[in-house]
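Here is a short report on a protein fold and its aromatic side chains. Please look at the sequence and the structure first.

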Amino acid sequence: MIQRLATLHFLQGRPLRFGGYFPPFPLWASGKHLDRAEKILHRRVDVAMWYQWWDTGFPLPRRAREFQPRWVKSAGDRDVLVKWEPWRPGRQVLQHQFSVATIAQGAHDDYVRRWAARTREWGRTIHLCPLPEPNGFWHGWSTPVGGHEPSAYVDAWRRLHHIFQQEGATNVRWVWNPNAGDMPDENRMEGYYPGGDVVDVLGLSVYNWGTARHWSRWRSFEDIARPYYDRIAALGSQPVWVAEMGCAPEGGNRATWIAEMFATLPGMPRLDTIVWFDAKKETDWRITADPEIAREFWPSIKD
């Protein structure tokens with residue numbers, strides 16, 4: 001049943017792939033959370049996404065920072081997207097031991113080589129997204145926080161890619177994922193582009209914060225994503241993903257927002273995949289917790 005419903009929405013005659021971050025997967029090393037999401041949404045989860053950090057603390061053991069074959073295995077035959085972030089969560093945003101300069105200069109080469117060797121040994125294709133959303137102000141690898149030039153970020157990214165190539169980890173597809181929103185405006189995403197020779201997928205994070213914050217307002221998917229889709233598509237010929245997305249419940253009708261999003265997507269012909277952030281964090285981003293919202297992903301007579 002789920003397999004037949006995988007082609008829920010179409011772009012230019014081809015199926016739009018759907019993925020998501022559905023915690024507590026993968027920490028429980030079980031695909032049942034993905035299966036549950038598929039039943040609720042009446043469609044296949046094509047891409048299972050999660051986050052891994054270069055350092056960890058309670059409640060995660062230190063070994064959780066390493067490549068996890070059992071987590072990949074628990075995703076079944078779904079593609080895997082790992083957001084690979086050089087920091088230790090729960091601490092200050094700027095962590096000098098994980099600066100882009102330390103990465104570019106080789107301070108973390110042993111760790112990176114272990115990742116490369118283990119992904120190569122695994123054999124399956126892994127979509128790896130290091131240093132996401134650099135054109136924001138909430139990560140140490142962004143210029144507003146780290147105080148570095150965007151070129152230093154590029155140097156760090158290219159060193160990571162080079163080490164994986166040295167280790168023969170050619171089963172890794174590299175996803176570059178800026179935010180659909182330069183913050184501040186002069187922190188433009190183009191400055192962080194590592195180059196077409198080291199990027200396999202062009203990704204965007206697209207979030208409608210609604211009125212969940214004092215600084216935010218309700219915005220359509222088209223309003224948020226269109227300018228950045230056009231800009232990122234101009235950087236290269238790679239497929240484009242919405243590699244992380246969500247819509248806050250505050251300030252508008254989420255079901256309508258999602259319906260309008262699907263109506264908008266055919267106008268973005270390079271778009272291949274959307275990945276939903278299905279978690280409660282700053283607000284309740286989940287689509288699996290609300291039947292009215294989940295129904296927007298169900299098949300229809302039109303489809």
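Which residues do ring pairs link into a cluster? The cluster holds W54, F67, W84, Y111, W115, W157, F164 and W174. The model is a predicted one.

**The barrel**

Eight strands form a closed barrel. Their order is β3-β4-β5-β6-β7-β8-β9-β10, and the pairing is parallel. From one strand to the next, the twist averages 30°. Strand β7 covers residues 172-176, and strand β8 covers residues 201-208. The two run parallel and are joined by two bridges. V175 stands opposite V201 in β8.

Helix α4 (residues 109-122) touches β4 (47-53), β5 (79-85), β6 (126-130) and β7. The direction of α4 makes about 175° with that of β5. Helix α6 also packs on the sheet, where α6 touches β5, β6 and β7. The direction of α6 makes about 170° with that of β7.

**The core**

The largest nonpolar core has 94 residues. Which of them have the most contacts inside it? They are F164, W176 and F221. Helix α6, residues 150-166, gives the most to this core, with eight residues.

F221 touches V206, R226, V242, M245, W257, M261, T264, L265 and M268, leaving aside residues up to four places away in sequence. F221 is buried, because its relative accessible area of 2% is under the 20% limit.

**Aromatic pairs**

The count of aromatic pairs comes to 24. A pair of aromatic rings is described by the distance of the centres and the angle of the planes. Two pairs are set out here.

| Ring pair | Distance of centres | Angle of planes | Class |
|---|---|---|---|
| W209 and W215 | 5.4 Å | 55° | tilted |
| F221 and W257 | 6.0 Å | 80° | edge-to-face |

Why is the pair of F221 and W257 edge-to-face? The planes of F221 and W257 stand at 80°, and an angle over 60 degrees counts as edge-to-face. F221 lies in helix α7 (residues 221-233) and W257 in helix α8 (residues 254-264), so this pair ties together parts that are 36 residues apart in sequence. Is W257 buried or exposed? W257 is buried, with a relative accessible area of 2%.

**A charge over a ring**

R295 lies over the face of W298. The distance from the ring centre is 5.5 Å.

Notes. Residues are numbered from 1 along each chain as its sequence is written. This is a predicted model: local features need pLDDT of at least 70, side-chain atom pairs count only at pLDDT 80 or more; totals for chains, interfaces and linings use all residues. Side-chain values use heavy atoms; hydrogens and water are left out. A nonpolar core is a set of buried Ala, Val, Leu, Ile, Met, Phe, Trp, Tyr and Cys residues joined through side-chain atoms within 4.5 Å. Buried means under 20% relative accessible area, exposed over 50%, partly exposed in between (1.4 Å probe, protein chains only). Helices (H or I, at least four residues) and strands (E, at least two) are DSSP runs, numbered from the N terminus. Contact means heavy atoms within 4.5 Å. Two strands pair if DSSP finds at least two bridges between them. Axes are lines fitted to C-alpha atoms, for helices over the stretch in contact, and angles run from 0 to 180 degrees between N-to-C directions. Rings of Phe, Tyr and Trp (its six-membered ring) pair if their centres lie within 6.5 Å; planes under 30 degrees apart count as stacked, over 60 as edge-to-face and the rest as tilted. A charge sits over a ring if NZ of Lys or CZ of Arg is within 6 Å of the ring centre and within 35 degrees of the ring normal.
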